[in-house]
Amino acid sequence: MLGLGQTGALGLLGARLYHLQVTEREHYARLAEANRTRTLAIPALRGRILDRTGRVLAGNETSIRVVVVPALAGRLQDVLRALARLVPLGEDEQAAIVDRARRQPPNLPVVVADEIAFEDAARINLLSSDLPGVLTEHFARRVYHGGAAVNHIVGYVGAPERPALGDDPVLRHPDVRVGKTGAELGLETTLRGHAGRIRREVDARGRIVRSFDDGRAITGTDVTLTIDLEVQKRVMQRMSQERRAALVALDCREGEIVAMASTPGYEHSDLSSPGRGTTEKSNSRLADEPFIDRTIRGLYPPGSTYKIVTALAALESGAVAPDEPLPCSGAFELAGHTFNCWKRSGHGSSNLVRALAQSCDCYFYEAARRTGIERLAATARLLGFGRTYDCGLALQRSGIVPDPDWKRGRYGRSWVTGETVLAGIGQGFVLTNPLQLAVMIARAASGLAIEPTLVIARPEDARGDALPLPVERRHLDLVRRGLVAAVNEDGGTGASARLDQEMGELAGKTGTAQVKRFSAATRWTERDHSLFVGYAPVAAPRYAIAAIVEHAGSGGAVAAPLVREVMQFLFDRDAPPGKPVGSRRS
Amino acid sequence: MGQHSSGGQLPATIAERLVAVNWPLLALVALIAIVGIAQLQSAAGGSMSPWADKQAWRLVFGLALVILLAILPIRLWIGLAYPAYAAGLVLLVLVVVAGNEALGARRWLKLGELSLQPSEVMKIGLVLALARYYLWLPPERVSQPLWVAIPLVLIVIPVALVLTQPDLGTATLFAAVGFALMFLAGVSMLYFLGGAMGLAIASPLIWMGLHDYQRRRVTTFLSPDADPLGAGYHITQSKIAVGSGGWSGLGHLGGLQSHLDFLPEKHTDFAFAMFAEEWGFVGAASLLALYGVLIAMLIAMALACRSGFSRIVIAGTCISISIYVVINVAMVTGLVPVVGVPLPLVSYGGTAMITVMISLGLAMCAWVNRRAVIRPDELRALI
C-alpha cells in the first residue's frame, strides 16, 4: 500500500514535470528570456538642418566625455578619487556623482566629465584596468550656427518630457534630445533617425553579463530649408528696428517660405542663462517675449487686410455687383448701432476697386452684411485662415475664423449681425497669424491654393502643383485691381509701399488693427497694430509678404514701407539693379 | 550472538556481514549523489569549489559510514533506540532555549566549531524508538487505545518542539513518518480515518496558529503571481527554470535562470529546479526514476524482513527519503508551498547528507540482520 502511494506520488511529479517542461515550455522559455534581457536603445545622431544654400543652421558636434557605470565600478568613491588625478573633478562633484548613481539603476552610466581632451581620454583608456567601470565615449551635442536671424525658425532641442508607456523606448535614454520648437520640432520624425538597439543579458542583480548589437543607429535625415541665412540676416536686421513685429515672405508660385522674422529675436545663450527672468534687464527684455515666434504664434486681428476676404466673398456670393457703388457718409447704421468709417468725413460713393484702394469701412460693413457670416467664413478658410500648415514648423496657432457654430460653442450665444459687420473689416472675433496673412495674399495673387513650406522637397516626395482656387477669375482680377490701386493710385492707403518703377508694380492692402475699441491711444500697449500684405510684381506675382508691427499705428505708415523695403531687397538679391526684371524669371 | 537467535543463519563474522550488505542499493545511492555533485559543480559555474568538492568528500565519508553502521551488531541499535530518542528530545529543547537564530528560525545548536541541527538527530531517534516500541509490544495490543496513545505521544512531542523553531517542513516529516510506521506496525485503520477527520475539523485552528511567514507561504503558493517580486519570487523563478528547460534541457552549465542567479538557493533546496533546467524533462524524469528505484528497493528490503524491528527501521528510512523527494520536487515545481526541504543526496549540505547516510546505514544494518528474531527476555536485558 505504501508502495502504491510512492508510485502515485512519483507519477504525479512526473506528470507535473511533463506539464511544465513539455506542455508549457514556450511560456516559461519566454518568461526566462524576459527575465534576463534588457534592451537598451542607442539614440541616433540627429539630421542636420541646412539653409537653401547648404549652410549648416543646426548640426552636431561630437566630443569625448567620461562616464562611469556604477555597477562595474566596485567602490565608486575610490574610482572617482583615482579619476580625479586625470580629469578635473572636485570633491563636491564626486559627492554629487555618488549621489546621482545611488538614485538610478546601477547599469546606467553617470557622466563624470564633459568635453575632455583627446589626450586625457587616451590616458584614461591606458589606465582603464585601475579604473573599473570608467568609460570614455563619443557624445554628440546639438549646435546652432544661424543666430537670432533663424533661431525662431530652426528652434531648439531639449530632453523629452517623461515618456508615456507606448512611446519609443529611446526617449528614456538620458542622452536623447527631441525638438522643442520650430523646425526641430516640426521636422522631428525626419531628423530623429532610427535608434540602435543593444540587447543586454543581465543577472538577477541587474549586472551586465553579455551584450548583443541588435542594430546600429541610423543617423537622421538632413533637411534643407527654403530660407537663406543671408536673406534672414538682412530681414532680421531691418526688423529689429521695430520693437515687436513679425514678417513672412512666401514665394507665390510654390509656397516656399522665403523669409520669416519675429522681433525681438533671441540667442541660444538667452535660453540657458542661469539668471533668466530674474534680473531687471532681462525682465524688460522678456516683457517683449523674445521666445515667441510671432509669425506663427502671434494672433492679431487682421484689420483691413481682411477686406480682401470680404471683397471676394461679396463678389462670389453675388451680394455686391462688380461695379455697384455703395455709399459712405463716415458712419454705418445697423439696428441702432453706429459703425464708424476710419475716415469720419466719409468716402462718398465707391465701387469695389475704389473701396479697397481707400479702405472704405462703410463699403465693407454693407458688403459683409449682405454676404452673411457663413459665406465670409468660408471664403476666409478658402484663402487660408483658421488653420495650421504642415510646413515643418511646430506650435502654430490656428487663430479664429468666427461663424455662428464657433460662437455657440465658445460663448453659448447666437450670432448677431453686428458681429458680421465687424468681421467684414477684420475686427471683432477674427484672429490671424502673420503666416496665414502671407498665405492669404499669396493665394489672392496667384489664384492658386498654395501651401506654405519650409522644406525643399526632395524629388521623391515632391508635392503636386497647387490647385487653382475655386473662384471666378474675373472676381479675383477685380480684387487684385483694388490692391494695385491701393498702392499705386493717388489716394490709396498703401502708397508708401510703392516700388521703384523698374521693379514692376507692388500691390497690397494696409491694415490698422484696433487693440482697444475706442482708441484714445495714450498707452503704447493700447495703440493700433500696423499691418500690410502685398505682392510683386503685379504682372507675374513672385513674392507675397505679410508684416505686422505691434502698436505702431496705421498700416500705411509703418508696415507698408517695411514690406516695400523687404520686397526691394528680395528683388535686388535676385538680380542686381540695372537688369530688367523679366530677364531673370525662368 | 548466533546461538540466541532461533531462525535462519545470521551473518556472524564481519566478512559475512560485508557480503550481506545490499551493494546494488549502495551503488544506486552513490550514483544519485554523483549526479548531485555534478550539479553542484555546474552551480558554481563549472568549478569544484566551493560546493562540489566538499560534497564529494561527504559522499565518500557517508558511504563508509553506511558500511560501518551495517556491520555493527543490530542489538546495539535496539539498545540505543530510546537513548537516541531521548538525546534528540534534549537537543530539541536546548535549541528552543539556546539555539542560534538564522533567518528568523532557531534550528541550529553551536557546539564549538560544529553546528548541529537537533531535528536531524530526532529523525533517526524517532524511527528507532518506534521500531523499538513495536518490537516490545505484543501484537494483540497494537490497536488498543492506550498502546496507540504512547507512540502518538512519542511523535507529537518532537513535532511540537520542531514547530516552535519554527520548521513546518520537518514537523510534517516527523508526523508523516511516525504515522506511516504506526500504520505499518498494524494499528487499526479506524484510528487513521478518525485522525484525518479530526484534522479536517481542526485545520482552521491550525491556520490561526501558524506564523505569519508560514501563512504567507501558503497564500503565495495558492497565488504566486499576485506578488511576483515578494514572497512568490521563489516559486515563480523556480517554475520558470523548470519550464524553460524543455524536453532536453539547456545542457550542463547552460542553465540561464540558475547561472544568472534568478533561481534562489540553486545549490540547496532548489537544486532540482536547476537540474531540470539543464537536463530537461528527460533528465528530471530520469532522476525521479532513480529515486523511484531506490524507494522500490527499500520497500522490497522491508518486505523481505522477518524481524519486525528491521522492517520498521527500513520502512522508516524509505518513508523519510521518499517524503523528502516528493515534497522537494513538488515544491520546486510549484505543487506545494515552499517549506525548505532539501532533496536527499543532491542538495548541498553536510548535515542532511550525513543524516541520510546514517538512516541508510541503519536500514542496511537491519537488512543484514533481517532474519534476527529478538526474544522478550533479550529485550529486557537490553533496556
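Trainee: What share of the contacts in chain B with a separation of 6 or more comes from residues 24 or more positions apart?

Mentor: Such residues account for 71% of those contacts, two residues being in contact if their C-beta atoms, placed from the backbone, lie within 7 Å. This is a predicted model, in which local features need pLDDT of at least 70, side-chain atom pairs count only at pLDDT 80 or more, and totals for chains, interfaces and linings use all residues. Residues are numbered from 1 along each chain as its sequence is written, while chains are lettered from A and ligands numbered from 1 in the order in which they are written.

Trainee: Why is H2(B) called roughly antiparallel to H3(B)?

Mentor: Helix H2 (residues 23-43) and helix H3 (residues 52-71) of chain B pack at an angle of about 170°, with their axes 9 Å apart; angles over 145 degrees count as roughly antiparallel, and therefore H2(B) is described in that way relative to H3(B). The residues of this contact divide into ten nonpolar, three polar and no charged, and among those in H2(B) are B:Leu26 and B:Ile37, with B:Leu59 and B:Val66 among those in H3(B).

Trainee: How do you know that H12(B) bends, and where?

Mentor: H12(B), residues 271-303, has 33 residues, yet its end C-alpha atoms are only 32 Å apart, short of the 48 Å that a straight helix would reach at 1.5 Å a residue. The bend, of about 130°, is at B:Gly280, taken as the angle between axes fitted to the seven residues ending there and the seven starting there.

Technical notes. Helices (H or I, at least four residues) and strands (E, at least two) are DSSP runs, numbered from the N terminus. The expected span of a helix is 1.5 Å times one less than its number of residues. Axes are lines fitted to C-alpha atoms, for helices over the stretch in contact, and angles run from 0 to 180 degrees between N-to-C directions. Angles under 35 degrees count as roughly parallel, over 145 as roughly antiparallel, 65 to 115 as roughly perpendicular and the rest as oblique. Ala, Val, Leu, Ile, Met, Phe, Trp, Tyr, Cys and Pro count as nonpolar, Asp, Glu, Lys and Arg as charged, and the others, Gly among them, as polar.
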